[in-house]
Amino acid sequence: MPFKGPAGYAFNRTSQAYLATHVCLAGTHWSRFRGLMWTDAASFQSGQGLWIVPCHGVHTFAMRFPIDVAYLDRSGKVIHIENRLKPWRIAPVRSKAVSVLELPENTLDSTDSSVGDELEIAMSGTREARAQ
């Protein structure tokens with residue numbers, strides 16, 4: 001993954017499944033802008049995720065592989081999903097989203113994740129973070 005620093009996890013409380021056991025936080029202007037651009041698919045495998053905070057929508061410019069995207073509200077509830085978002089696309093903007101969780105392709109389907117699910121996202125060294 002392109003990010004260093006604290007990592008955490010993303011757990012779907014509704015389906016009782018881990019979406020990612022190694023989540024990196026993109027919380028600065030530069031890290032949110034860069035996202036997964038120029039990352040190769042081998043560096044973003046099952047179990048990994050990128051939590052972008054704050055965020056209302058994403059793009060996949062300069063990406064080399066499709067991703068799954070879950071848009072979250074302040075409480076950690078999934079309010080929109082983009083499955084298998086292909087490279088060089090613009091995903092819809094959702095004004096009620098406060099963050100976005102980017103995951104490897106097929107993660108959301110394989111964990112039975114859907115709109116309305118409650119996610120828990122926690123970063124190491126911090127208390128439960130949810131989608132704050």
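Student: Is Arg-13 buried, partly exposed or exposed?
Tutor: Arg-13 is partly exposed, at 31% relative accessibility. Buried means under 20% relative accessible area, exposed means over 50%, and partly exposed is in between (1.4 Å probe, protein chains only).

Student: Before I go on, what kind of model is this?
Tutor: This is a predicted model: local features need pLDDT of at least 70, side-chain atom pairs count only at pLDDT 80 or more, and totals for chains, interfaces and linings use all residues. Residues are numbered from 1 along each chain as its sequence is written, and side-chain values use heavy atoms, with hydrogens and water left out.

Student: Back to Arg-13. Which residue does it form a salt bridge with?
Tutor: With Glu-120; the closest N and O atoms are 2.8 Å apart. A salt bridge here is a side-chain nitrogen of Lys or Arg within 4 Å of a carboxyl oxygen of Asp or Glu.

Student: Where do the two partners sit?
Tutor: Arg-13 is in the loop between strand E1 (7-12) and strand E2 (17-26), and Glu-120 is in strand E7 (residues 119-123). The pair links distant parts of the chain, 107 residues apart. Helices (H or I, at least four residues) and strands (E, at least two) are DSSP runs, numbered from the N terminus.

Student: And Glu-120, buried or exposed?
Tutor: Glu-120 is buried, with a relative accessible area of 13%.

Student: How many salt bridges are there by this rule?
Tutor: The count is 2. Asp-109 and Arg-84 form a salt bridge too, with their closest N and O atoms 2.8 Å apart. Asp-109 lies in helix H2 (residues 107-110) and Arg-84 in strand E5, so this pair ties together parts that are 25 residues apart in sequence.

Student: What is the phi of Arg-84?
Tutor: Its phi is positive, about 50 degrees, although Arg-84 is not a glycine.

Student: Why point that out?
Tutor: Because most residues other than glycine have a negative phi. Asp-112 also has a positive phi, about 55 degrees, and is not a glycine. Asp-112 is found in the loop between H2 and E7. At 61% relative accessibility, Asp-112 counts as exposed.

Student: Where is there a cis peptide bond?
Tutor: Between Val-53 and Pro-54, with omega at about -10 degrees. Pro-54 lies in the loop between E3 and E4. Most peptide bonds are trans.

Student: Which element gives the most to the lining of the largest pocket?
Tutor: Helix H1 (residues 29-34), with 3 residues. By class, the lining has 9 nonpolar, 3 polar and 3 charged residues. Ala, Val, Leu, Ile, Met, Phe, Trp, Tyr, Cys and Pro count as nonpolar, Asp, Glu, Lys and Arg as charged, and the others, Gly among them, as polar.

Student: What about the surface? Which residues make a nonpolar patch?
Tutor: Phe-61, Trp-88 and Ile-90 make one of about 350 Å². Patch residues have over 30% relative accessible area and no salt bridge; nonpolar side chains (Val, Leu, Ile, Met, Phe, Trp, Tyr) are joined within 5 Å, like charges within 9 Å. Areas come from the Shrake-Rupley method with a 1.4 Å probe; for residues, only the protein chains shown count as cover.

Student: Where does Phe-61 lie?
Tutor: In the loop between strand E3 (48-52) and strand E4 (67-72). Phe-61 counts as partly exposed, at 32% relative accessibility.

Student: Last one: Cys-24, buried or exposed?
Tutor: Buried, at 2% relative accessibility. Cys-24 is in strand E2. Its C-alpha is separated by 8.0 Å from that of Gln-48, 24 residues apart along the chain.
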